Amino acid sequence: MKSQQIAEKLTENHRNFTEFILALSAKEYSFSPAGKWNAGEHLDHILRGVSAVETALSLPKFVSGFLFGKADRDSSDYDTLVANYRARLESGGKASGKFIPDKNEIAKREKLVEKLINSVNGLNRKLETYSEGQIDQLLIPHPLIGKLTTREMMYFTIYHVEHHHNAAKENLRTL
């Protein structure tokens, strides 16, 4: 995918997720099967992830290159990136540290959704400042997968919200 297609898919997937979240009743928003996150926690987790990527893209490119390095390989395609992430999850990988969501009440839902939409828009604006070459060259660390090219991190962000959207929907089937 070219950067314009990435931006469109980022917007589309996050819009679908936020529309789903906003349509939930208070009971649905707060419900979770034992050991699973509720919809509000999925929302908080997605916001934390997008915000971290937005912050990484806010760094001056020379600083990013110095801190995280430059790729000595081609970017993986979307399907390969998704397969690698799913393999990490299947081998026990989980969210950690600052990516573990807080419990939140439905009263915070609209504020969190607004923050997420603003963060996705900010991420897309920052992505516009990167050339196609730069998004294949500059690396960003991912806590579970390791160093990803910026393109791969965008692919991850596209998939990540879809993954959590599906998980939140699946949880409601047991309600």
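This is a predicted model: local features need pLDDT of at least 70, side-chain atom pairs count only at pLDDT 80 or more; totals for chains, interfaces and linings use all residues.

Analyst: Residues are numbered from 1 along each chain as its sequence is written, and side-chain values use heavy atoms, with hydrogens and water left out.

User: How many salt bridges does a search of the whole structure find?

Analyst: A salt bridge is here a side-chain nitrogen of Lys or Arg within 4 Å of a carboxyl oxygen of Asp or Glu. With that criterion, the search of the whole structure gives a total of nine.

User: How many residues apart in sequence are the parts that the pair Glu41 and Lys103 ties together?

Analyst: The side chains of Glu41 and Lys103 form a salt bridge with an N to O distance of 2.9 Å. Helices (H or I, at least four residues) and strands (E, at least two) are DSSP runs, numbered from the N terminus. Glu41 belongs to helix α3 (residues 39-58) and Lys103 to the loop between α5 (78-90) and α6 (109-127), so the parts tied together are separated in sequence by 62 residues.

User: Is Glu41 buried or exposed, and is Lys103 buried or exposed?

Analyst: Buried means under 20% relative accessible area, exposed over 50%, and partly exposed in between (1.4 Å probe, protein chains only). Glu41, with a relative accessible area of 4%, is buried. Lys103, at 65%, is exposed.

User: Which residue forms a salt bridge with Asp102?

Analyst: Asp102 lies in the loop between α5 and α6 and its partner in helix α3, so the pair ties together parts that are 54 residues apart in sequence. A network of salt bridges links Asp44, Arg48 and Asp102. The closest N and O atoms are 2.9 Å apart in the bridge of Asp102 with Arg48.

User: What is the relative accessibility of Arg173?

Analyst: Arg173 forms a salt bridge with Glu170, the closest N and O atoms lying 3.3 Å apart. Glu170 counts as partly exposed at 44% relative accessibility. Arg173 counts as exposed, its relative accessibility being 66%.

User: Are α3 and α6 roughly parallel or roughly antiparallel to each other?

Analyst: Axes are lines fitted to C-alpha atoms, for helices over the stretch in contact, and angles run from 0 to 180 degrees between N-to-C directions. The axes of α3 and α6 come within 9 Å and cross at roughly 30 degrees. Angles under 35 degrees count as roughly parallel, over 145 as roughly antiparallel, 65 to 115 as roughly perpendicular and the rest as oblique. The orientation of α3 and α6 is therefore roughly parallel.

User: How many charged residues are there in the contact of α3 with α6?

Analyst: Contact means heavy atoms within 4.5 Å. Residues of α3 including Leu43, Asp44, Ile46 and Leu47 meet residues of α6 including Arg109, Leu112, Val113 and Lys115. Ala, Val, Leu, Ile, Met, Phe, Trp, Tyr, Cys and Pro count as nonpolar, Asp, Glu, Lys and Arg as charged, and the others, Gly among them, as polar. The contact of α3 with α6 has 12 nonpolar residues and four polar, and the charged residues number five.

User: Which residues does His165 touch, not counting residues up to four places away in sequence?

Analyst: His165 is located in helix α8 (residues 150-172). With a relative accessible area of 12%, His165 is buried. Not counting residues up to four places away in sequence, His165 touches Asn16, Phe17 and Phe20.

User: What separates the C-alpha atoms of Glu28 and Asn171?

Analyst: Glu28 has its place in helix α2 (residues 26-30) and is partly exposed, with a relative accessible area of 26%. Glu28 and Asn171 are 143 residues apart along the chain, and their C-alpha atoms are separated by 9.3 Å.
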